[in-house]
Amino acid sequence: MNCEICGSKIYGPSKRIILEGSKLLVCMKCSNLGEPDINTERYPSRTKRRTLGTPVRKRTGESRLPREVEEMEVAENFPKIIKEAREKKKMSQQDLARTVKERLSIIQKIELGKMTPDLRISRALEHTLRIKLLLPRSEIPVETGKPDQTGLTLGDVIQYKKK
Ligand SMILES: [Zn+2]
């Protein structure tokens with residue numbers, strides 16, 4: 001490869017320049033004779049650098065409530081818990097409805113297990129009746145034959161099944 005200006009062999013890096021409107025490949029010595037050819041000197045990687053659609057996780061106060069709803073679950077036996085606690089406090093369903101600011105029909109449906117109380121009602125019921133209704137999802141015991149609930153070990157269960 002030879003310098004297009006001085007004609008000598010180019011050792012090392014060559015330069016592209018624009019001299020009087022024509023693009024030339026020249027040696028380092030001749031490179032200051034013209035303007036650097038900007039088009040070829042631009043780094044192609046610059047256009048690739050843009051990161052595409054990286055999701056930014058926002059941690060704002062707004063996300064707190066939905067997260068809580070998602071992670072809390074009403075205890076499975078809520079009708080029993082509510083009914084027993086209410087009767088212990090000698091409250092009628094009407095009393096309870098008034099206290100938690102809900103319609104009587106809602107309280108009736110909840111106590112019959114026909115309706116699961118939402119977060120707001122659950123909180124109100126917890127407060128009024130001093131009970132625990134809401135459990136974090138992860139703490140809800142999975143009822144798939146846990147040995148400690150029946151007092152049976154896994155071996156006992158297997159033996160029992162064999163009979
Ligand atoms: Zn040269």
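In the predicted model, Leu-19 stands opposite Ser-22 of strand β2. Strands here are DSSP runs of E with at least two residues, helices are runs of H or I with at least four, and both are numbered from the N terminus. This is a predicted model, in which local features need pLDDT of at least 70 and side-chain atom pairs count only at pLDDT 80 or more, while totals for chains, interfaces and linings use all residues. Residues are numbered from 1 along each chain as its sequence is written.

Strand β1 (residues 15–19) pairs with β2 (residues 22–26) in the antiparallel sense, over 5 bridges. Pairing requires that DSSP finds at least two bridges between the two strands. The two strands form a hairpin with 2 residues between them. Glu-20 sits in this turn and has a positive phi of about 55°. Strand β1 also pairs with β3, again in the antiparallel sense, over 2 bridges. Here the bridge partner of Ile-17 is Pro-36 in β3.

The protein as a whole contains 9 helices and 5 strands. From the N terminus, the elements run β-β-β-α-α-α-β-α-α-α-α-β-α-α. Of the 163 residues, 12% are buried. A residue is buried if 20 or more other C-beta atoms lie within 10 Å of its own, exposed if 12 or fewer do, and partly exposed in between, with C-beta atoms placed from the backbone. Among contacts with a separation of 6 or more, 40% join residues 24 or more positions apart. Contact means that the C-beta atoms of two residues, placed from the backbone, lie within 7 Å.

Confidence was examined next. The average pLDDT, the predictor's confidence in each residue from 0 to 100, is 79 for the protein. A score of at least 70 is reached by 64% of the residues. Where pLDDT is low, the predicted coordinates should not be read in detail.

The largest nonpolar core has 10 residues: Phe-78, Ile-82, Leu-96, Val-100, Ile-107, Ile-110, Ile-121, Leu-125, Leu-129 and Leu-133. Such a core is a set of buried Ala, Val, Leu, Ile, Met, Phe, Trp, Tyr and Cys residues joined through C-beta atoms within 7 Å. Helices α4, α6 (104–111) and α7 each supply at least two residues of this core. The most come from α7, with 3 residues. Leaving aside neighbours within four places in sequence, Ile-121 is in contact with Val-100 and Glu-102.

Helix α7 has four named positions on its buried side. Its buried residues are Ile-121, Ser-122, Leu-125 and Leu-129. Seen down the axis of α7, they fall within an arc of 100°, so they line one face of the helix. The arc is that of the directions from the helix axis to the C-beta atoms. An α-helix has 3.6 residues a turn, so residues three or four places apart point the same way. On the other side of α7, Arg-120 and His-127 are exposed. The cover over the buried residues of α7 includes β4 (72–74), α4 and β5.

Phe-78, Ile-82 and Arg-86 are its buried residues. Seen down the axis of α4, these residues fall within an arc of 55°, so they line one face of the helix. Lys-80, Glu-87 and Lys-88 are exposed on the other side of α4. The buried residues of α4 pack against β4, α5, α6 and α7.

Just after α4, Lys-90 takes a positive phi of about 55°, although Lys-90 is not a glycine. Lys-90 lies in the loop between α4 (78–88) and α5 (93–99). Lys-90 counts as exposed because it has 7 C-beta neighbours inside 10 Å. Just after α7, Arg-130 also takes a positive phi of about 55°. Arg-130 lies in the loop between α7 (119–129) and β5 (134–136). Arg-130 counts as exposed because it has 10 C-beta neighbours inside 10 Å.
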